[in-house]
Amino acid sequence: MARREDGQITRSRLLNAACEVFAEKGYRNAKVAEICRRAGANVAAVNYYFGDKASLYSEAWQHAFNEYEIPDSFMPAHTSLEDQLRNYIHSLIRNFMEKGLQGYFSRLYLMELANPTGLIQDTWHDLIEPRRQKLLGIICKMMGVDTANETVLFCEMSIISQCRALLSINPKDLEYLLGQTLSQNLIKRLADHIASFSLAGIGAVGKFRYDKEKTL
């Protein structure tokens, strides 16, 4: 039993270190030796627990995603659609700005965007789809449609793009653009703005769609 527990601890340390190194350097520039050094493990441990670097990368994605906060997961069933969307946006932004393990998934994703490996495309779709459906469901209900049509998908892209800007812009550049030092309070106010802007946008798009259908 002790050997099995020790093995799980080593495996977990390797995954934590892999998330850290892959998020910092990307897949191609990350070295297995450095991951093992940070994990305090022998280089052979990667082959033993994961098989190879590519498999370790895929499992690191899963591991980081498991720490990723699930938007809207703890809200009461009677919560208004507006509050559900606000909570979803706040959760996304907290994840994008998080610096610890919870934030590794966002940075792994950003590294994959910059230098695609082709190793996790299917994994990414499997991981993200259930949470994506939460947002699409909220937008569908707000617009009074049963399924995600093109307009709903465009609204989803608009919301995600606003939130993702915080991940893709250098913090110093973001401070320059906003004219003040980044703080938790500022990030919260920005999240509030994105939520209000998105709610207004969904309302305007929905009204335009309704008015257009009436004239047909």
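Burial, salt bridges and a surface patch

Of the chain's 216 residues, 37% count as buried. This is a predicted model, in which local features need pLDDT of at least 70, side-chain atom pairs count only at pLDDT 80 or more, and totals for chains, interfaces and linings use all residues. Residues are numbered from 1 along each chain as its sequence is written, and side-chain values use heavy atoms, with hydrogens and water left out.

Q: Why is Glu 34 called buried?
A: Buried means under 20% relative accessible area, exposed over 50%, and partly exposed in between (1.4 Å probe, protein chains only). Glu 34 has 13% relative accessibility, so Glu 34 counts as buried.

Q: What makes Arg 37 exposed or buried?
A: Arg 37 has 58% relative accessibility and therefore counts as exposed.

Q: Why is the contact between the side chains of Glu 59 and Arg 11 called a salt bridge?
A: A salt bridge is a side-chain nitrogen of Lys or Arg within 4 Å of a carboxyl oxygen of Asp or Glu. For Glu 59 and Arg 11 the N to O value is 2.5 Å, so the pair meets the definition. Glu 59 lies in helix α4 (residues 53–66) and Arg 11 in helix α1 (residues 2–29), so the pair ties together parts 48 residues apart in sequence.

Q: Which salt bridges does Glu 34 form with Arg 37 and Arg 38?
A: Glu 34 meets Arg 37 at 3.8 Å, N to O, and Arg 38 at 2.6 Å, N to O. Salt bridges that share partners join Glu 20, Glu 24, Lys 25, Glu 34, Arg 37 and Arg 38 into one network.

Methods. Helix = DSSP H or I, 4+ residues; strand = E, 2+ residues; numbered from the N terminus.
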